[in-house]
Each structure stands twice: as structure tokens, then as C-alpha cells.
Amino acid sequence: EDATIHFQLAEYASAKGDPGAAAIHAMSALDTLPPSGPALARLAEFLEKSGDQAGLAATLSSLSAFEADPAKRFELVLRAADLYRELGSQEQAFARFRIALGLEPHRRPLHEALETLAEGGVGWKRLAEVYTEEAGKHPGDERLLPVFRKLAWIFAEKLNEPARAADFLKMVLAADEEDADVARELSRIMTAIGDASQLVEALRREVHVARRAGEKVATLRRLAAIQEERLSDLEGAAATCREILALDRSDVVTLDRLCALYGRAGRFNDLREIYIEEITRAAHVREKNMLRFKLAVLLGEQLGRPDEAVGIIEQILESDDEAAEAITLLESFAAKGLAPARAAVILGPRYREKGEWRKYIECLERRGQAATDPAARFALMREIGCVYEEQLAQKDMAFATFCRALREVPADGDNRAALERLAAETRGWEELCLLYTEESRRDGVADDVRAAMLRTVAQVQEQTLEALPAAAETISRLADIVPGDEAAVRALVGIH
């Protein structure tokens with residue numbers, strides 16, 4: 001009865017235009033009864049008319065506890081929160097907004113209000129706790145993805161906890177793997193953290209969501225650099241480079257990186273395949289030759305296929321006769337014993353044409369060492385001897401080389417004539433006599449050749465060296481080879 005009277009007095013005061021008295025009577029009515037929804041609703045009505053915002057905010061908060069309808073309860077709590085915010089009571093407002101968030105966690109205006117309060121003094125750490133608690137209550141609810149994004153932003157930008165931020169960004173991508181903005185943000189945070197392994201994972205996500213080829217290529221380049229330089233993952237980096245080239249075959253920088261990776265990893269056959277393919281693709285001769293040069297180095301020095309390497313260099317020189325690098329490489333191959341004879345065949349004519357006679361002789365020597373046919377070796381030795389005599393004026397070297405030629409083909413009369421002429425000019429008679437004597441004893445030398453050499457030896461021993469006993473012995477051997485040689489007999493009688 002007392003409560004009824006107080007409410008009647010409140011209505012009377014309200015009707016008379018005294019909302020303050022009305023509110024006092026309404027609160028007196030509540031003091032006599034246990035709290036109830038209807039009573040609190042009537043009190044809220046009188047408080048709103050009286051303009052008592054603090055009382056109204058408290059009453060609406062209490063009233064929300066009696067409201068069974070979630071939507072109506074949300075509106076009551078939200079209104080109470082707004083009133084507290086207008087009154088400057090940030091703690092009370094934050095508490096009500098937090099309750100509202102529990103009822104409707106996906107409402108963006110709530111997030112904005114809570115963030116404003118956090119910035120205003122409540123603190124970002126408390127807001128992060130609230131968001132984290134709400135996220136834990138609704139696992140798998142995609143409507144909370146905005147909350148995860150907000151949490152990531154708070155931990156990254158406000159609390160300086162990038163690892164926590166990354167966790168929530170991963171949650172977003174687990175639910176929406178096509179979110180390009182989140183993928184890029186995750187890469188940025190992982191870069192700041194400095195965890196190369198996780199950064200690789202983040203960049204992979206970014207590549208997956210990139211829409212344009214240019215974006216994919218740029219991200220893949222970063223990925224390849226991190227795999228190579230920070231993780232020493234040569235195979236992974238090479239695979240990434242291949243992805244880039246599949247998108248942009250003209251990316252020379254990536255191609256060079258892939259070649260370097262294959263080289264470091266010892267994948268020389270794969271590197272060879274790349275060079276061959278790129279030579280085929282290249283449009284200009286200069287570009288082709290640059291690739292051929294690299295291929296030649298690879299074949300000769302890493303794959304142990306010097307003959308193929310020299311063949312590639314030959315292709316370079318066919319299109320660019322003055323390719324200095326190719327010539328230098330060919331010379332280095334020859335010096336290292338890598339296909340020296342074939343290199344000599346290519347280099348020799350160049351040296352001869354330019355008058356580089358000592359290099360020309362080196363080429364001839366290398367060809368001679370590789371030759372298996374005595375006649376071929378003889379011809380090369382003769383050429384070397386002629387160069388020494390005619391171009392370098394080194395008769396002693398010419399004599400020595402013609403001696404070597406004789407051992408290959410003793411029957412050549414021109415070579416013997418040259419030897420005998422040079423022996424006279426260089427005083428090499430003793431050496432010539434020794435050589436002819438040795439060759440005359442060698443199996444396989446024709447009798448007429450042996451006889452001719454022995455006649456020369458006997459004549460030199462008798463007339464030039466005045467070695468009569470040696471001459472007599474030589475003529476005796478000649479008589480054994482050519483029985484009935486009257487000249488030999490007369491010479492022998494004369495010596496005796």
C-alpha cells in the first residue's frame with residue numbers, strides 16, 4: 001500500500017510539472033518493495049522526466065538484469081553505457097559497454113566506443129583483455145573476425161606485443177585465408193619480430209592471396225632472399241625462384257639468383273639446363289654469347305666435359321671472332337689440360353695470323369701431344385721447327401725440333417737435309433751423329449734410310465770430327481747393311 005501511494009504521489013508530482021519530486025516518490029516506492037522489472041521501468045520513466053541522468057543510468061543498469069529478451073537487454077545496457085559516457089564516468093561506461101559486447105560481440109559501434117574509452121584513459125590492456133575473453137567464449141564464430149583484427153592491431157600498435165598480434169592475425173587467416181590485408185599485415189609483423197621461419201610462412205600466405213602477378217612476384221622475391229640469406233635454405237630459395245620465373249620469364253635478376261643457387265647447391269646439371277633453355281630464348285647474339293660463356297665455364301670446370309665446353313666457345317667465336325673473354329677462357333682450359341688439343345686447333349690459326357709465334361708453337365705442341373698418328377706428329381714437329389728457324393731465328397731450337405721429327409718419321413729426306421744444314425750452322429754434328437746412329441739401330445727403319453744416315457755419320461766422323469775409329473766402325477755397320485758397297489769399302493781402306 002505504501003508503494004502504491006508513493007507511485008501515485010510520483011504521478012501527481014509529474015503531472016504538476018515537478019519531475020524531481022516525482023523521482024523522489026518513485027524511489028521511495030522502491031525502498032518499500034524488492035526490486036522488480038516493472039517497478040524499475042516506472043522509476044526509469046520518472047528519472048528520465050526529471051533529467052537525473054546518473055539515477056537513470058543506474059536504474060537502466062539494474063533494469064537490464066530483469067529483462068529476459070536479449071535484444072531489449074542489450075538496448076538497456078547500451079543506453080546506460082551512453083549515459084555514463086556523457087556523464088564522464090569512463091569506468092562505469094566501460095563496464096556497461098563490456099556487458100553489451102557480451103550480448104552482441106560483432107557490433108562495430110561497440111568496438112568503436114570501447115576503443116574510444118581505452119584511448120581516453122581506461123587503457124588498451126584492459127580492452128585487449130575484454131576482447132580476448134569474448135573471443136574465447138565464441139570459438140569458430142566468424143562474426144568475431146573483426147574482434148581478432150582489433151586485437152591484432154592493439155597488440156601490435158598499442159601494447160608492443162607483435163607475437164600476440166601475429167597469433168590473432170593467424171586466427172583471421174585460418175577462417176578467411178583470402179584476406180589480403182591481414183596477410184600483408186602478418187608479413188609486416190613477422191618482419192618486425194625477426195623470426196625468419198615464421199616470416200617465410202607469412203609471405204607464403206601473402207603470395208596465396210595476391211591478386212596481381214606483379215604483387216606475387218614482388219613477394220616471392222622477398223621470400224627467396226630470406227630463404228637464401230637468413231635460412232640458408234638453398235633448395236627452398238631455388239623453388240621460389242622457379243615460381244617467379246613461371247610468372248615472369250624476363251626477370252633477369254631472379255634468373256641470376258637461381259643460377260647462383262644451383263651453383264652453390266652443386267646442382268650443375270640443372271644449371272646447365274637453364275643455360276641451354278635461356279640460350280634458345282635469347283633474341284640477341286650478345287645475350288646468347290654471354291649465356292654460352294657461362295655454360296662453357298660450367299661444362300669445363302664443374303661438369304668435367306671440356307670437349308663440350310670448347311664446342312660452346314667455338315660457337316661464340318663463330319659469331320664474334322674477337323670475343324676476348326672466350327679466347328681467354330679457351331686459353332685457360334688449354335693451360336689446365338682441359339681439351340688442350342681441340343683448344344689448340346681453334347687458337348693456333350689466330351696466333352699465327354697475329355704473329356704470336358710462341359703461343360702458336362704451344363698450340364702445335366699440344367696438338368702433337370694428343371696426336372696418335374706418327375705422320376701427324378711429324379708434320380706438327382716440322383711446322384714448329386720452321387717457326388723457330390724462320391720466324392724466331394732460333395736455329396738451335398729448330399735443330400732440336402727437327403731431331404724430334406726424325407724420330408717420328410726417319411725416312412723423310414727433306415727433314416734430314418734440314419737437320420744436316422742446321423747441324424753445320426749450329427755445330428750440332430755430334431748430336432746429329434748420335435741421333436742418326438740411334439735411329440739406324442731402331443727396328444722398323446728401312447735399310448736404305450739406315451744406310452743413308454750411316455753414310456752421313458761416317459762422312460762427318462771422318463772429315464769434320466776427325467774421329468777415324470768411330471768412322472771405321474760406322475762404315476763396317478754400313479757394309480753389313482749394304483754388302484758389296486764399293487764406296488764404303490774404299491772409304492774404309494782410306495781410313496785404315
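Reader: What share of the 496 residues in the chain do buried residues make up?

Author: Buried means under 20% relative accessible area, exposed means over 50%, and partly exposed is in between (1.4 Å probe, protein chains only). Here, buried residues make up 43% of the 496 residues. This is a predicted model, so local features need pLDDT of at least 70 and side-chain atom pairs count only at pLDDT 80 or more, while totals for chains, interfaces and linings use all residues. Residues are numbered from 1 along each chain as its sequence is written, and side-chain values use heavy atoms, leaving out hydrogens and water.

Reader: OK, how many helices and strands are in the chain?

Author: Helices (H or I, at least four residues) and strands (E, at least two) are DSSP runs, numbered from the N terminus. This chain has 28 helices and zero strands.

Reader: And what radius of gyration does the chain have?

Author: That value is taken over C-alpha atoms, and the globule rule is 2.2 Å times the number of residues to the power 0.38. A compact globule of 496 residues would come out near 23 Å, but this chain has 52 Å. Along the principal axes, its C-alpha atoms fill a box of roughly 175 × 35 × 30 Å.

Reader: Which residues touch the most other members of the largest nonpolar core?

Author: In soluble globular proteins, nonpolar side chains tend to be buried together. A nonpolar core is a set of buried Ala, Val, Leu, Ile, Met, Phe, Trp, Tyr and Cys residues joined through side-chain atoms within 4.5 Å. In the largest one, with 73 residues, Ile313 and Leu419 touch the most other members. Apart from it lies another core of 63 residues, including Leu83 and Val217.

Reader: How many salt bridges does the count come to?

Author: A salt bridge is a side-chain nitrogen of Lys or Arg within 4 Å of a carboxyl oxygen of Asp or Glu. By this rule the count comes to 37. One of them joins the side chains of Arg98 and Glu133, at 2.3 Å, N to O. That pair links distant parts of the chain, with Arg98 in helix α6 and Glu133 in helix α8 (residues 124–137), 35 residues apart. Another is Glu439 with Arg442, their closest N and O atoms 2.5 Å apart. Glu439 counts as buried at 5% relative accessibility, whereas Arg442 is partly exposed at 34%.

Reader: What about Glu104: which side chain of opposite charge is nearest?

Author: For charge, Lys and Arg count as positive and Asp and Glu as negative; His and the chain ends are not counted. Glu104 is buried yet has no salt bridge, and the nearest side chain of opposite charge, Arg107, is 4.2 Å away. Glu104 sits in the loop between α6 (90–103) and α7 (108–122).
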